[in-house]
Amino acid sequence: MAVRITPEQIVDVEADLLADHERDLAALAEQLDRRGVVIDDIVEQIARFSVAAPSWALGTGGTRFGRFPRGGEPRSTEEKLDDIAALNAVTGANRTVSLHVPWDDPRDPAALRSYAADVGLGFDAMNSNTFQDNASTTAGGEISYKFGSLAHTDPDVRKQALEHNRAVIELGVQLGSTAITVWLADGMNHPGQANFRRQFERVAEGLHEIHEALPRDWEMYVEHKPYEPSFYASTNPDWGSSLLLAQHAGERAKCLVDLGHHLPNTNIEQVVSRLAMVGRLGGFHFNDSKYGDDDLTVGSIHPYQLFLVVLELIEHGGGGMPDVRYMIDASHNLKDPLEDLVQSTDQLQHAIAQGLLVDRCALSEAQERNDPALAADVLQAAYRTDVRPLVAEARRRNAAALNPLMTIRRLGYRSAVRAERGDGTPASGL
Ligand code: RM4
Ligand code: MN
Ligand code: MN
């Protein structure tokens, strides 16, 4: 029997928090009222926000030096959905799941779709995996992605990669998804290994063909990454290359920004602005990073950068979060994966609250008057506000938890699934 978290249980275990929450919210409402801010609109906008959970992040992550699973990991795609349902129950902000194929390869997509609907989840962008060999590539014995997929010199390998992407789209249609994200490991590990231009042209052609296979209501997202696993050159290393690829692929191809996929010190909020300006901002993979694609908890290293990125999104959305795809793309080596996802979602909700508090008129006036000190002050006024009561209230409106981490612990979710699933079942993924 799957373990479910209900709104009644949440109200029950949080009974001791409610009175303090209401006092804190009233105090903040009074404070913001003096700034001319109505909290209701902000709470409403936070409550509306949802970020997809990746199916590959429910198991313990690892590095090439090892992996330390804690037990109770999901054994099937259904059990991954169970975990995301528990996550969504406490955050109220993870209403969709993003699958990675063939890490997830449902035999009966219709049944999986109705299983998801039963636990209140839908399917976000599909992800195609052509960065490792799997049953479909090794079946004939000839095809391998060792030297690339869409960029490969061998037309049969490229064809196989294309077929995989088409199959992922078809599966997505059956699940009710409306987008595919293509991240490629293609590139070079050694100078001279391949021809820069020819690799790029082959990828551009392949992405165009995938675009041609999109159903009418679908979009595709191209995700760049500067290095890893290609350590000399990735074929799609940066947002400029990604934009060229999206433009060549077709109208419904856009760029996806993973916060960990930039060289150190890249101004990511500026990247967001540029892509939004030309109508090619497709979506986000949220995480945080100190050095590379570290896949750390969202907002744990650079919370101010997250705030500025969200602010740029709000600018693009004309005062609210725009309708692009949001997903968490993190890997959980030490924390319980569910607790890490709770904290990433919570950080995003806080960054949105802070972003919505920015007085955009005052900011624009300061910019017009060339007054950087005043502009900085406008940003700080929002960033330094303790927005926790707004986020807690938004979650309460969604019948979720005031304090999701405490609540998922008090409800004993992990030990309950551990008792059911056992300890020896590593989930697929990173
Ligand atoms: C990549 C990239 C993709 C993700 C894979 C697993 O670094 O972030 O989005 O699908 O990892
Ligand atoms: Mn990613
Ligand atoms: Mn990544």
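Visitor: Which residues are closest to ligand 1?

Guide: This is a predicted model, and in it the residues closest to ligand 1 are His-100, Glu-223, Lys-225, His-261 and Asp-329. They belong to a set of twelve residues that surround the ligand.

Visitor: What classes do the residues in that shell fall into?

Guide: The shell around ligand 1 has five charged residues, four nonpolar ones and three polar ones.

Visitor: How far is ligand 1 from the side chain of Glu-223?

Guide: An oxygen atom of ligand 1 lies 2.7 Å from an N or O atom in the Glu-223 side chain. For Lys-225, the distance from a side-chain N or O atom to an oxygen of the ligand is 2.9 Å. His-285 also takes part, with a polar side-chain atom 3.2 Å from an oxygen atom of ligand 1.

Visitor: And how much of ligand 1 does the protein bury?

Guide: The protein buries 97% of the 290 Å² that ligand 1 exposes when taken alone.

Visitor: Let's move to the metals. What are the protein donors of the manganese ion that is ligand 3?

Guide: They are His-261, through NE2, and Asp-293, through OD, lying 2.2 Å from the ion. His-261 is also one of the residues closest to ligand 1.

Visitor: Is His-261 buried or exposed?

Guide: His-261 counts as buried, because its relative accessibility is 3% and the cut-off for buried is under 20%.

Visitor: How far apart are the manganese ions, ligand 3 and ligand 2?

Guide: Those two manganese ions are 3.9 Å apart.

Visitor: New topic: how many salt bridges are there in the whole structure?

Guide: A search of the whole structure finds 28. One of them joins the side chains of Glu-22 and Arg-396, at 3.3 Å from N to O.

Visitor: What does that pair tie together?

Guide: Glu-22 lies in helix α2 (residues 18-34) and Arg-396 in helix α15 (residues 388-397), so the bridge ties together parts 374 residues apart in sequence. Glu-22 counts as partly exposed at 39% relative accessibility, and Arg-396 counts as partly exposed at 32%.

Visitor: Which residue does Lys-254 form a salt bridge with?

Guide: Its partner is Glu-219, and the closest N and O atoms are 2.9 Å apart. This pair links strand β12, which holds Lys-254, with strand β10 (residues 219-223), which holds Glu-219; the two residues are 35 residues apart. Lys-254 is buried, with a relative accessible area of 18%, while Glu-219 is partly exposed at 22%.

Visitor: What about Arg-409 and Glu-339, where are they?

Guide: Their side chains meet in a salt bridge of 2.8 Å, N to O. Arg-409 lies in helix α16 (residues 404-410) and Glu-339 in helix α12 (residues 337-357), so parts 70 residues apart in sequence are tied together. Arg-409 is exposed, with a relative accessible area of 54%, whereas Glu-339 is buried at 15%.

Visitor: Which residues are joined into one network by salt bridges that share partners?

Guide: Arg-75, Glu-79, Asp-83 and Arg-421 are joined into one network that way.

Notes. Residues are numbered from 1 along each chain as its sequence is written. Chains are lettered from A and ligands numbered from 1 in the order in which they are written. This is a predicted model: local features need pLDDT of at least 70, side-chain atom pairs count only at pLDDT 80 or more; totals for chains, interfaces and linings use all residues. Side-chain values use heavy atoms; hydrogens and water are left out. Donors are N, O and S atoms within 2.8 Å of the metal (3.2 Å for Na, K and Ca); water is not among the atoms, so sites may look incomplete. Buried means under 20% relative accessible area, exposed over 50%, partly exposed in between (1.4 Å probe, protein chains only). A residue is near a molecule or strand if one of its heavy atoms lies within 4 Å of it. A polar contact is a pair of N or O atoms within 3.5 Å; within protein, one must be able to donate a hydrogen and the other to accept it, and residues adjacent in sequence count only if both atoms are side-chain atoms. Accessible areas come from the Shrake-Rupley method with a 1.4 Å probe; for residues, only the protein chains shown count as cover. Ala, Val, Leu, Ile, Met, Phe, Trp, Tyr, Cys and Pro count as nonpolar, Asp, Glu, Lys and Arg as charged, and the others, Gly among them, as polar. A salt bridge is a side-chain nitrogen of Lys or Arg within 4 Å of a carboxyl oxygen of Asp or Glu. Helices (H or I, at least four residues) and strands (E, at least two) are DSSP runs, numbered from the N terminus.
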